[in-house]
2 protein chains.
Amino acid sequence: MVEIDLNAIRQGDRLALTRALTAVENDDPGSRSILKTLFPYAGKAHLVGVTGGTGTGKSTLVNQIAKSLRHNINDEKKPKIAIIAVDPTSPFTGGALLGDRIRMQDLAGDRGIFIRSMASREAIGGLAHKTAAFATILDGAGFDLILIETIGAGQAEVDIARLAHTVIVVEAPGLGDDIQAIKAGILEIADILVVNKADQPGAENTARALQVMLSMAQGDSGFQTAGKHMRKANPVTSKARQDEKPTWEPPVLLTIATEAKGIDELVTKIHRHHTYLKASGFWQAKEADRLQKDLEVLLQDALWHDWQKNLDQKVYENILADVLHRKCTPLDAVEALLKRS
Amino acid sequence: MVEIDLNAIRQGDRLALTRALTAVENDDPGSRSILKTLFPYAGKAHLVGVTGGTGTGKSTLVNQIAKSLRHNINDEKKPKIAIIAVDPTSPFTGGALLGDRIRMQDLAGDRGIFIRSMASREAIGGLAHKTAAFATILDGAGFDLILIETIGAGQAEVDIARLAHTVIVVEAPGLGDDIQAIKAGILEIADILVVNKADQPGAENTARALQVMLSMAQGDSGFQTAGKHMRKANPVTSKARQDEKPTWEPPVLLTIATEAKGIDELVTKIHRHHTYLKASGFWQAKEADRLQKDLEVLLQDALWHDWQKNLDQKVYENILADVLHRKCTPLDAVEALLKRS
């Protein structure tokens, strides 16, 4: 059982914080009470997801965002920044540790920035759950803005979109040569699009392609994603009702993270998106949506474990054998099992 | 309710097959009986997953594999090939349709190749479930080899590794410039590694980097993945016991798919992996593993739906409200709900 000093965490004690995160990462028996203790304090931080494929310079960009947030504001307003680096594709820690060391050097010395990486042998679902738990702890610990960096594509993008308030999708120039490179799907999760490495050839083309796809998606009145709020009002409707909620047009920005170019504009957009979410009511809607989903997932797990506890193992094994011999489909096996139990 | 002509499907009627797949894709009421009807006939096809990022030329490679399988074998032995193209990152169909049209032209006229793409607005989990259902139908319809093509990274890779018997991971040269480009994680799911576009600079370097990482992983005696069989015997053990099960060393191949170079060698490796799986017993182990997992997922869904049906909505809403106001953590809410229900 890990003893957690709540006061120390709330007062910015990094050792206590690191211990709490490690306890959650390792599923220590104490992790539940840690989350319970910090949960009431959470719900204030701005969670900013940064996703993108390999080679887009995503990590450098995240570092620059953190630096810019810290250095361009006068002392009393300086936000406390946390970075969670999630690598769902690497179950080995080697890569993450190397990345961490480079990153530590870059941001060393600023006590207002806390960095924690997460590379795990776990299934993606478990990783998403722990990322959310990390966010709760850091949020409860008083960090104002939490950058969650993850490798793009597939489930990782979906999970980050669910967790973060603001999703930044990072592209690199030249990827547009391939038909599939700029996926229409990213338009659905991106609040801000960044073409990084803008000094490389093709940056303008990539940005333009993204813009075109954005306006196409905007023209499509059916453009709406399950579980994600509708970002754009229907053009006809919004003309008719000018007193409607504010809308958000995902901007496409060019950056050169290695030279800190375009970062300040990006940070401005992050702040604007925060303002937009609060003004439109989507902030609260998203929080409610997420907490409800968390509750449902936990309920489903609990129901499954309870059911297994009361199960006649012999009956289960016989039915499973029928499925394995293709005498009975999995769906029919479910009916048989739920009638018997 | 869709009328499904089982005989027509088993005799290679494409219209009947397409109807069955569409019924499953749309969750038609008849889809359950379709799966039930074809399930006993399934379990024979070799499921080959092909995964890789954008720009690796994965689709062209899949086409060439299908062509090679069809053209290099005499008429009576020609295997029936199906291709399922899954795009988990694009909820829009535009891209997939364009890709389909290009692909159709390339493989047109060969009645022994059936192609079906799947781009969906669904969540990834649903997509994986439907891909598995598609595989069952095509398998039951008598296809000998089913190529499942998916966009790489994250959950899609995990899902494909779970479904397919043989996983081919496609890389392109030059991606190795980035620290994170060659993810250690792919070594865990790859049975065959392909560096496509081998006429581009850096192909040999990328192949060498993959080889080095493979031998490093091999040296690591703890190298084993949850849910995936151990592919390599411990070198010491296998010297001691020569009568052990056959082992598999994931080969790294160079291909130029656009010129059909290296494809025959790749196809040979696919066949060898099939032979290896059968000889080692991993084929059956994997099938059993997968069917059991399918059963569990369906059981979990059913338990959740049953529980919701018997739920006092008022009680649920009150507890949910406490969670949303951060008076109660989701975990404590679960305890409260399961005690009350």
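User: How much of chain A is buried?
Analyst: Buried residues are 44% of the 341 residues in chain A. A residue is buried if 20 or more other C-beta atoms, placed from the backbone, lie within 10 Å of its own. This is a predicted model, where local features need pLDDT of at least 70 and side-chain atom pairs count only at pLDDT 80 or more, while totals for chains, interfaces and linings use all residues. Residues are numbered from 1 along each chain as its sequence is written, and chains are lettered from A and ligands numbered from 1 in the order in which they are written.

User: What does the secondary structure of chain A come to?
Analyst: Chain A has 14 helices and 7 strands. These are DSSP runs, H or I of at least four residues for helices and E of at least two for strands, numbered from the N terminus.

User: Which residues of H12(A) and H12(B) make the contact?
Analyst: First the geometry. Helix H12 covers residues 282-309 in chain B, and its axis and that of H12(A) come within 9 Å and cross at roughly 105°. Axes are lines fitted to C-alpha atoms, for helices over the stretch in contact, with angles from 0 to 180 degrees between N-to-C directions. The contact is made by A:Gln300, A:Leu303, A:Trp304 and A:Trp307 of H12(A) with B:Gln300, B:Leu303, B:Trp304 and B:Trp307 of H12(B). Contact requires C-beta atoms, placed from the backbone, within 7 Å.

User: How many of them are nonpolar?
Analyst: The residues of that contact divide into 6 nonpolar, 2 polar and no charged. Ala, Val, Leu, Ile, Met, Phe, Trp, Tyr, Cys and Pro count as nonpolar, Asp, Glu, Lys and Arg as charged, and the others, Gly among them, as polar.

User: And where do H12(A) and H13(B) meet?
Analyst: A:Ala288, A:Leu291, A:Gln292 and A:Leu295 in H12(A) meet B:Leu320, B:Val323 and B:Leu324 in H13(B). The residues of this contact comprise 6 nonpolar, 1 polar and no charged.

User: At what angle do those axes cross?
Analyst: Roughly 120°, with the axes coming within 10 Å. That makes H12(A) oblique to H13(B).

User: What about H13(B) itself, how many residues?
Analyst: H13(B) has 12 residues and reaches 16 Å from first C-alpha to last, close to the 16 Å expected at 1.5 Å a residue. The expected span is 1.5 Å times one less than the number of residues.

User: Which residue follows H13(B)?
Analyst: B:Arg326 follows, and its phi is positive, near 60°. In chain A, H13(A) is followed by A:Arg326, again with a positive phi near 60°.

Conventions:
Parallel < 35°, antiparallel > 145°, perpendicular 65-115°, else oblique. Contact = placed C-beta atoms within 7 Å. Buried ≥ 20, exposed ≤ 12 C-beta atoms within 10 Å, placed from the backbone.
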